[in-house]
Each structure stands twice: as structure tokens, then as C-alpha cells.
There are 2 protein chains.
Amino acid sequence: MSMKWTSVLLLIHLSCYFSSGSCGKVLVWPTEYSHWLNMKTILDELVQRGHEVTVLASSASILVDPNKTSAIKFEVYPTSLTKDDFESIFVTLINRWLYDLPKYTFLSYFSQAQEIFWEFTDYIRNLCKDVVLNKTLMTKLQESRFDIVLADALCPCGELLAELLKIPFVYSLRFSPGYAFEKYGGGLLLPPSYVPVVMSELSDQMTFMERIKNMIYVLYFDFWLQAVDMKKWDQFYSEVLGRPTSLLETMGKAEMWLIRTYWDFTFPHPFLPNFDFVGGLHCKPAKPLLKEMEDFVQSSGENGVVVFSLGSMVSSLTEERTNVIASALAQVPQKVIWRFDGKKPHTLGPNTRLYKWIPQNDLLGHPKTKAFITHGGTNDIYEAIYHGVPMVGIPLFADQLDNIAHMKAKGAAVKVDWITMSSTDLSGALKTVIDNPIYKENVMKLSRIHHNQPVKPLDRAVFWIEFVMRHKGARHLRVAAHDLTWFQYHSLDVIGFLLACVVTVIFIITKCCLFCFRKYAKPGKKGKRD
Amino acid sequence: MSMKWTSVLLLIHLSCYFSSGSCGKVLVWPTEYSHWLNMKTILDELVQRGHEVTVLASSASILVDPNKTSAIKFEVYPTSLTKDDFESIFVTLINRWLYDLPKYTFLSYFSQAQEIFWEFTDYIRNLCKDVVLNKTLMTKLQESRFDIVLADALCPCGELLAELLKIPFVYSLRFSPGYAFEKYGGGLLLPPSYVPVVMSELSDQMTFMERIKNMIYVLYFDFWLQAVDMKKWDQFYSEVLGRPTSLLETMGKAEMWLIRTYWDFTFPHPFLPNFDFVGGLHCKPAKPLLKEMEDFVQSSGENGVVVFSLGSMVSSLTEERTNVIASALAQVPQKVIWRFDGKKPHTLGPNTRLYKWIPQNDLLGHPKTKAFITHGGTNDIYEAIYHGVPMVGIPLFADQLDNIAHMKAKGAAVKVDWITMSSTDLSGALKTVIDNPIYKENVMKLSRIHHNQPVKPLDRAVFWIEFVMRHKGARHLRVAAHDLTWFQYHSLDVIGFLLACVVTVIFIITKCCLFCFRKYAKPGKKGKRD
């Protein structure tokens, strides 16, 4: 057995040397912040396996750190925005989500969220134009003879680049609004009866009223596909490619969709052979803490510690919210490590220590850690699942509300509302997940699912990228649905034809009956008359 | 990298030791002939990993060879039939398929094929009764405390045993008629627009007329689910379990469906997280041939050899068909190795040698092998794919016609009709697949797909069986669709409610308009009258 496995591994490990005597060349169209952190894990692994990785980044990009050397190459292209402009665009959009969106409910919430999304993609389209209309850059990319484009599907353009460079492309994706890209680009079939629309905060066990809500969301998002903003993309792609096409049609050419979840996180649903679920690929065992932090953690004794972070995108909260949180944390017997970059709250208890940055993964993997207060970013939740730490969720924006709803449905988290929560709410939630052993049991169940997969998520992600490079695609995984029009796909032409046949048969039978009736019945009548 | 992998492998290799300090106990509900050969590969691997495997076999079972010692235990239960009776039942059913079925076309073909299937399952139901109504045996099985039932889904009963023993179960399956078990038991969603019904011989690229044909097949099989024979199973299961239930409902509780195909063989289609595609798990590298055979193979020189077998279920053909085949083989420049157990045909050429049994896998893996004439059994086709040998298909019964149609669609085989073929047809087909390099290229493409999977099929199959034993199930892979009624699943209640709302709103608006019209328009009229 081990011999067999060793040879498979050797094959995988040496895989890049099979491709025409050299390793592959990967062109990357990334997204910023947590998306980038996730994708970087894949890129680092590719580099370690000997592939050449080039990331397309604008001169305003936040992900490029000029102070850091990296084996990943950055092809920086000029754009009209500055780094500060770009960052402030993100901050503005997030603040709108944080402070304006909670005022809306039901469909108006989605409509506002989408407005933010479209505004965001307007910037992305401009960046895309800065690349594809930059002739010098495109010639350079053409001459570089890349083997593959790896793109975050949330920010379109990767598929356009692949089309222009005539090379295959692979997506990395957490989700698109209403699963529109996965459904209408990728061909996924998601029955509204048990697959809740993303961001709906519904679970797969829905009541009748929840299924109605879900159906309305589905119809809404299908209608949304006709939006003006989608048409802007279609028009842009058609102009660049010189033929009538659409964003979704171009997306449909993806060889592989690497979705950043797995069944330890999301609810099981139908999928296709060219979808793989690689959630938590960035997770890794904890490293020892620095002495100062380790001493603080050890000082917690039996009670243990609570780790608290609201992620990389929210740097400050209002003073009032900060004080509510600090006084809640002061009430628990645990020591608290809080990632916080702002004015020290006056209600801060002696058990709480503030840090501008924390080694989150190492802390979550520490045996003293009892709970994790999180905004519910996908990467963060996966770290908690990986290390088996129950969560208190304070979701803020984007998919975070849905992520926490998932963890709540799986019994691994308690949610508090970041706008309305009181100190008692937060400390109560914390006490619940720590004192009630069911939360630890449930998150350990998820952890066992995560650790028990035939192949680790990162190795699978890299396997498929290498497969596509080696074989110049993965056409054998692509369903024939992509070659059908929407009415052919739904068999509407076939149903129409069969119905027409049935109607014709009924019509002919009726006519025959009437004819017979007239022929044999009328003479009688006539006779009577006569 | 290799360190990481080594630890994963070590975990997998030692996996059975994690389950309460000992390895697992597997109870098997098998099927005979090629199905058994495939399942035995999994069982041998389970035994090698230290698990205890017990196969339930009737006293009439063909798979039990009393002359062979095996690490697999056989729990032989009494049945009223003898081994000869059982074998003759199979032969009769196969002969009906071979000689009667080709007279039928379109739906009548399916209807006859299903009649054979239902007759076959009548025997299976009797065997199932011999087990579940045998109190001594059931007590013994209860006391044996098995961890899992592994069953071939084509022959129901495994799921009933698992229910009675209150343990999880995993299926191995090639296909069920019309995908009925996979769709209505497993919850698969297979759109008729691009997923051809099994045994239809259609590909995933269908013309309008083919899509109509496929839709009619789908409707026919859905209607078939209401068949009397299905109700016999439902009634039997309800009686045994003491509550109203059905075969399909019980099947729906499967933790995992291990389907014996992969995307190198079948056309890509949607599936669910608890489906894995482990086609070709029995394939292995070729071993050296015995001297006499190797000498014969080497004597073929540059021309190479052709391997010919019609599988384990068809032992004899009519003399006329045998002579047609023999004279066709005499016309090719290759040496031919023919697995044949009958009267030596008088047209046999000097290039052809007959053998009662051949080491098929070792022959297909021999570098001198140029082509494979096969009846198109799934196991046989997988051996050809594994070793990259182009095929001439002479399909006989069951899924063989469909299997050859798949290989033809993928450009790896030429089909000849076993009833109407002349010597020239067969020799011509053979020359085509040998002389036209496209067939070799295409089958090598399939071979590369087969060999390039993140984990080998056998290791995946065993992984999931061990997973289910370790975790007492795999509920995280199970879609919530199983908890819905058919009208909830198709959202008919939701659509009905929403339509009712729309109608009510239209009705109210119309009423209001009419009311307003009457109130403000009528006085005018009245005025006129006055």
C-alpha cells in the first residue's frame, strides 16, 4: 500500500517536470484583502513546486508590498488611481455596507448590497481596461507564453485575459451574488427547495415560509442578471473580443472552479465534475507563540483565553461600540487577546490585552484557547474549524452574516448583532459557547470532517491547476450544458414539441369523432326531420 | 511537501486502528459475476488493511468457490434453489436478452429489458427473504456487531439489512435502469437535455430528435417507478420494517454511492457530495505472461496481437457466428488470442489461438497488444482504458451497448453488431482501430485522464468506507432533499402559493377598478337614462 502511494506522490511531486521539460507559467488575476491571502497560499505552493507565478497588479493595488521580497513576480500596470484612492474606495464601500445596509431588510437589502457590488465591479472593469487596452503590456503577456490564468471569479477579467492569450483558465471563488456566476456561468443546478441563496442567512432545512423567501430571492437574482451593470460587462467583452459575447458565456469556459468552502462549512448541494471544494486550504498547524504572548496565555490558568479579531478590513469601530465590547470582555473569567487598532477603551478590563496584529492561527491552535470572537470571514471561520474552536460571531458585511448563520446552524457558533448588542449580550454569548460543551463538540465534529478528506484542500487545488497546465485544459470534466441555449437546456423546445404532438393527436381524434358523429348521427336527425 | 503527504498517508494507512481500538467489521451484500469481481477488489483491499469482511452468500451462490481459501469470510445461508438452478436462471435471462431483445426497438426494448430486470429482482427478493426472515441468521448478524453494510445497489436488500442492524451502509453501483435508484433514491438531478438515459446509446451531444427520444425515455422510466414490481419491494420492506416505507426511501439513507465509472468513461453530469466515481478501481499494472503465451505474442512481430474476449457470462455462441468471427480474425495480419470455450470453428486461421481462460489484464498491458475485441463489460473497458488499447465492441446485453456507445463517442472504439456482422465487418473494424492512429490517440487521452486523478479510485472507495465506519456515517455529505416530499422538492407548494398571491392581487385590483368604474361611471349612465 505505502509503495503504491509513494509512487503516486512522487508523480504528483514531479508533475511540473513533465510539461514539455519545464515547469508551468501561471498568470494570476487576483482580488485584494482576504481573497488575496487565500490565493497567495496556492501561489506560494505553486512556486514551491517550481512553477513561475506572475500576478497582475495595478499601481494602486494594496496587495503589492514593495518592502517585501517574494518568489511571486508582480507585473505592475499603470492605472489612474493612487493606492490611497483605491483604499478609500474600499473603505467607503465597506462603511456603506456597515452603516447603511442594516437599515434595509428583505429585497431592499439585496438591492443595496448589489449596488455596492456593481460599484465595486465598475472599478474592476476600469482596471481590466487598463490591462487589455494596454498594447505594450498585452504584447509582453503574449510573449511570456503563460500556460494558465488563475483568477478570482468575483472580480471579472481573468477569463477575458485567458481568451485573449488563448490559454485555459481556472477560478478560485468563495461565491458570487446569488450564485449567479456559478449557476449561469458554471452551469450549477441549485434547487431553491433546499439550497439557500447565498447571503440569505437561511439553512438547508427551511420552513414553508423560508422556502418562499428563498424562491423570491432566486427569482430576484435571476431578474438581476438582466441588470444594466451586467450589460456593461457584456458590451465591454464583446468590444474587446470583436464578437457578440457576454461575461457569463466567457466565464462558462473555465476549466475548473475551485470553491473556497467544503461540506464542513456549507450545506451539501449538487455540483459538477469541474467544481472542487477546497475550503480551508490556507489552514496549517499552529506555531509556538512569542514569549510575551505565551506568558499572558499561560497566566489564564484553567479558564483559558478568548481570541478576538474583526479581520483585516475593519480597523476602527465607534467609541461607544468599543466600550460595550471592552466591558463585556471584562466580565468573563478568561484572559482575552483582542486585535484592535484604535483608542484604548476606558472600560477595558485587566483580563484583556490589545494587539495591533495577532498570530491568529497560532492562537486558535493553542490548547488554552476556549473561544473565538470573529466577524465571520471565511478564512477566519476555517481557522476555527481547523483547530476546533467554538465561535461568537459579530458579522459585519458581505458573506459574513451568511457564514455565521452556517456556523450557527451547525451548532458551532452564537451570533450577536454588532449594532444592537449590549455588554451582557456579548458576555452571555461568550459564556454560552465556553460553558455549554455542545458547541465544542459540534465544532470538533466539523474539524474532524475537515481533517478527514482523501486529499488535503491545498493539494487538490494545486493538483487541478497542474492538471490543466499539463493537459492544456480539463474538457472531460465540462458538462455539455454549456453548448445549449437556455431553452434547450431546460428542454423547452422538446416539451413544446411533445405538447404540440399531444394537442395534434387530441385534435385529430376529436375531429375524427366529430366526423363519425356527423356521418352516422346526422342522418338519423335528418330522418327525423324528413 | 513529501513530509505532509507522508503524514496524511500514515493517517489513512492506520485509519482502521482509530475505531474503538480495533479495525472495522464489514458486512457485504454482493451481486454475482462481473459485479462480484469488481467488489472483491475493494474487499481484498479492506482485508489487507486489517478489516474483517463477511460476505452474505446463498447456498446457491456462484461467487463462493469452496475450493479456494480466502481471507474474506462467507456467511452462507440456506435457500430453496441449487447452484445449478441459480446459474440456469442467469443463463435463461441472458439468452432472452441476447436473442429476444434485438427484435424490439425504442420503448418496447426498454419494456422487455425491464421485464428481465424485474424477474431478476424477484429472485433477489426471495434471497433477501431467506436472510431477513431467518431468525437464527439475523440474531447471529446482530451479535456480530458489524460497523457497515457494503452493498451492490442493483440488487436491493443491503439497505434493508443495514436498517435492521441499525448500521450505516455504502453502495457500489454501475447504474440502475433509467438511473431510477440514483435519481429517486440518491437524489441525483440529471437534466434530460444533456444527460442521456442509461442504455439509450445516446451521447451528451444530442440533436433535437435525440433530445426528444431522451425525454421520452426519462418520462417512461419515471412512469416505470409506479410499476407493480416496484410496489412488491415497497410492500416487502414495509412488512419487514413494520412501518409504511418504500425501497427508494430506504435506499435514500445510503451514506455514500460509489459509482463504478469516472469522466474518462461516462459523460460529465451533475452529482452530489455523497457520490464518488471510482471506475476502474480493479485495474492494475500487467504482470509478465506465461512462456507459451509470451512466445506466441512475440511471434507476432511488428504486427502485434489482438485480444478477444466476450466476458465471463457468455460461454458459447452459435456455430455460424463462431465461424464468421474466426474467418474475420484469419484475415488480419495480427496474431489473435481468443478466449473461447466451445467447438473449434472450422474457419479458424493459423494466426488465431483459442484459450478457455486468458490473463486479460496482463495481455492488455502487453506492449505488443494493438486492439481489444470486447463485449463491452464495464470492467473490460476499464482495463482497455487503463492500458490504452483501442477497442472493437461487439456488445451483447445489459449496459454493454451503452458502454460501447460511450467509447465510440469518445473515438476509442468501433462497434459491430453481433447478430448481423459479416466477416468483412469485423475484420474491417479491426483494421480501422489498428491502422487509423486516431483511435490509439483517443484511448491514450482517456488513459491519461484515468491515471491523472488526485487519488486512485480504489483508495477513494476504501477511504469512504473507512470514513463511514470511523464516523458512523457521513451525514455532512447528505443533501436536505431527502427530507422533502416530491412536491416540496420541486417547490410546487411554493410556486402554487406565489401564483395564488399573484392571482389574488390581480383579482383585488380588478375588483377595485370595477368598483371605482361602477361608482364613478354608472351615475353618468344613470344620468343619461334619467
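A disulfide here is a pair of cysteine sulfur atoms within 2.5 Å. The model is predicted, so local features need pLDDT of at least 70 and side-chain atom pairs pLDDT 80 or more, while totals for chains, interfaces and linings use all residues. Residues are numbered from 1 along each chain as its sequence is written, chains are lettered from A and ligands numbered from 1 in the order in which they are written, and side-chain values use heavy atoms, leaving out hydrogens and water.

**Exercise 1.** Work out how B:Cys128 and B:Cys157 are linked, and where they sit.

*Solution.* 
- Start with the distance: the sulfur atoms of B:Cys128 and B:Cys157 are 2.1 Å apart, and the two form a disulfide.
- Next, the torsion about their S-S bond is about 80°, so this disulfide is right-handed.
- Now place the ends: B:Cys128 is in helix H4 (residues 106-132) of chain B, and B:Cys157 is in the loop between strand E4 (148-152) and helix H6 (158-165), 29 residues apart. Helices (H or I, at least four residues) and strands (E, at least two) are DSSP runs, numbered from the N terminus.
- Finally, both B:Cys128 and B:Cys157 are buried. Buried means under 20% relative accessible area, exposed over 50%, partly exposed in between (1.4 Å probe, protein chains only).

**Exercise 2.** Count the disulfides over all chains, and find the other one.

*Solution.* 
- Searching the whole structure turns up two.
- In chain A, A:Cys128 is joined to A:Cys157, S to S 2.0 Å.
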